[in-house]
Amino acid sequence: MSILLKNYISGSWQESSSSVTETVYNPANDGVLAQVPLSTRKDLDEAVQAAKAAFLPWKNTPVQKRARILFKYQQLLVEAWDELAALITRENGKSQQDAYMEVQRGVECVEFAAGIPSLMMGQITPDVGTGVETTMLRYPIGVVGGITPFNFPMMVPCWMFPMAIACGNTFILKPSERTPLLANRLAELFTEAGLPDGVFNIVHGAREVVNGILEHPEIKAVSFVGSQPVAEYVYKTAAQHGKRVQALAGAKNHSIVMPDADEELTVKSIIESAFGSAGERCMACSVVVLVGGDRDDLKQRLIDAADRLQIGNGEDKETELGPLIRQSHKDRTLDYLSSGEQEGAVLLRDGRKDGAASGAGYFLGPTVFDEVTPAMKIWQDEIFAPVLSIMQADSLEEAIAIANRSSFANGACIYTGQLAAVRQFREEIDAGMLGVNIGVPAPTALFPFSGYKNSFYGDLHVNGKDGLEFYTRKKVMTVKA
Ligand code: NAD
């Protein structure tokens, strides 16, 4: 009998009113970890009422006191680091190293949010007119909802709730139904740190809870991270219901390799970026554009490095490439491999032939296509798996033009030692997060995180001062003495 997860409402674990559940699998061995309830709007409403009741007392809690709870939370998360990383690996499948780094990224969000006393400070200009001064003050907005994907069960929720709560809001998280376990631990530890009941609530589920969040009149803002079609739907629906919304979506990140690139660093970074976390990262490199003539040597080095990757259960210390999240996602990826072959791409490395791909768990070895073109589906769509496409360009201009044709614009990288190329790349590439000689240029919590085009719907990104702006509203008061 696997455990049935409960919702976390007003500081206590509550059974969902729904009898419908979904099974949570360990993707490395197809074992059953838990059952997650697909909660109802009634469950959500209970959480909203709890969050609403907790809002005023929390908003009125002095900002230093709120910060102190975040400091304590940071300490508890650091103490639980290994436990949290192990849980991430169990429910998501990623390697120990990737899970460990994910905890770090989550902790960094809490650390940034703990600086809330100075972030919340207002502004004053004493002489906007004769004897007239204007003051700007910052306030929380109320009950806020967060909807998160499976691929970062700790980091992505931490992009949202620590800053929202630090600002004085109360929060309802709807974690991914495929990786719901970690969220419960995050809630327990926050309560242990001294967070009052009702400030952070979790309602497990899927579409019904999401639609409830988008439509509930008491929820003032929605943060979403997930796939493109759902992000677009969330953005439009939440906006129709008068909410502030930020919706981060899918990606197709290009890495441009200039002729002068340091080959060893380039190969290492691309392999880590394309195949780390089984390619299930919104900042994964999924397309390499090689600039200049014959690059067969570099391609061979990429294949050799891919051959050396240890595929297996992330719980094994040596594992570098874990499983995909579900069999259905693996099947979808296999369809893309067939489509790439049919459309004429050259399969340089076939991950279907790796031993682990035929055992228990949802494994697929690193797969590399060459001679990919913009006409192919494997270039147009986000595959979100360990599948790398290689393209060729005669110049940096052509490489940038290829990347800019993508409907996505999340991240992009360049490998080169030439400053002029870096500058041209920075000015002309259409993507939100750029990397130079680095595989995964994911900004830390201090900076805004997101992209443009089909990779983002909204205005303010997550993290950094954008996060503060998203979760606060301002009053501006002008006084004549
Ligand atoms: P997903 O869109 O399937 O699910 C995300 C959330 O939306 C989940 O909580 C899920 O329950 C909910 N949901 C799914 N379908 C829904 C529907 N029809 N109606 C209402 N709610 C629905 O995404 P995923 O597969 O969990 O995550 C992977 C995706 O997330 C990838 O596309 C990846 O690029 C993206 N992602 C983007 C970023 C970023 O920063 N841009 C970061 C991480 C992940």
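Predicted model: local features only at pLDDT ≥ 70, side-chain atom pairs only at ≥ 80, totals over all residues.
Which residues does Thr416 touch, not counting residues up to four places away in sequence?

**View 1. Thr416 and its contacts.** Thr416 belongs to the loop that runs between strand S19 (411-415) and helix H15 (419-428). Leaving aside residues up to four places away in sequence, Thr416 touches Met258, Asp260, Ala261, Ala421 and Val422. One of these, Asp260, is 156 residues apart from Thr416 in sequence, yet the two C-alpha atoms are 5.8 Å apart in space. Thr416 counts as buried because it has 21 C-beta neighbours inside 10 Å, and the cut-off for a buried residue is 20 or more.

**View 2. The surroundings of the ligand.** The ligand is surrounded by 27 residues, and the closest are Pro149, Gly226, Ser227, Gly250 and Cys282. By class, this shell consists of 14 nonpolar, 9 polar and 4 charged residues. Both domain 1 (3-248 + 446-480) and domain 2 (253-436) contribute to the shell, with at least three residues from each.

**View 3. The two domains and their contact.** The domain assignment of the protein chain gives domain 1, which covers 3-248 + 446-480, and domain 2, which covers 253-436. The C-alpha centres of domain 1 and domain 2 are 31 Å apart. Where the domains meet, 24 residues of domain 1 are in contact with 28 residues of domain 2. On the side of domain 1 that touches domain 2, at least two residues come from each of helix H3 (81-92), helix H4 (96-113) and strand S21 (452-453). H4 provides the largest share of that side, 3 residues. Sorted by class, the side of domain 1 that touches domain 2 holds 8 nonpolar, 11 polar and 5 charged residues.

**View 4. Helix H3.** H3, one of the elements on the side of domain 1 that touches domain 2, is shown here with its covering elements. H3 has 12 residues and reaches 16 Å from its first C-alpha to its last, close to the 16 Å expected at 1.5 Å a residue. The buried residues in H3 are Leu84, Ala85, Leu87, Ile88, Thr89, Arg90, Glu91 and Asn92. Their cover includes strand S4 (21-26), strand S5 (31-37), helix H2 (63-79), H4 and helix H7 (181-192). Just after H3 comes Gly93, with a positive phi of about 100°.

View 5. Helix H9 spans residues 228-240 and has 13 residues. From its first C-alpha to its last, H9 reaches 18 Å, close to the 18 Å expected at 1.5 Å a residue. An α-helix has 3.6 residues a turn, so residues three or four places apart point the same way. In H9, the buried residues are Gln228, Ala231, Val234, Tyr235 and Ala238. Seen down the axis of H9, these buried residues fall within an arc of 125°, so they line one face of the helix. The exposed residues Pro229 and Gln240 are carried on the face of H9 turned away from its buried side. Among the elements covering the buried residues of H9 are strand S8 (143-147), helix H8 (207-215), strand S11 (219-225), strand S12 (244-248) and strand S22 (456-457). Just after H9, Gly242 has a positive phi of about 75°.

**View 6. Two loop residues with positive phi.** Ser10 is found in the loop between strand S2 (7-9) and strand S3 (12-14). Its phi is near 55°, a positive value in a residue other than glycine. Ser10 is partly exposed, with 17 other C-beta atoms within 10 Å. Ala278 is placed in the loop between helix H10 (263-275) and strand S14 (285-291). The phi of Ala278 is also positive, near 55°, and this residue too is other than glycine. Ala278 counts as buried, with 33 C-beta neighbours inside 10 Å.

**View 7. Asp297 in helix H11.** Asp297 is part of helix H11, which covers residues 296-308. Asp297 is exposed because 9 other C-beta atoms lie within 10 Å, and a residue counts as exposed at 12 or fewer. Asp297 and Glu263 are 34 residues apart in sequence, and their C-alpha atoms are 9.5 Å apart in space.

Note on methods:
Residues numbered from 1 in each chain as written. Near = placed C-beta within 6 Å. Nonpolar A, V, L, I, M, F, W, Y, C, P; charged D, E, K, R; others polar. Domains from an automatic or database assignment. Helix = DSSP H or I, 4+ residues; strand = E, 2+ residues; numbered from the N terminus. Expected span 1.5 Å × (residues − 1). Arc of directions from axis to C-beta. Contact = placed C-beta atoms within 7 Å.
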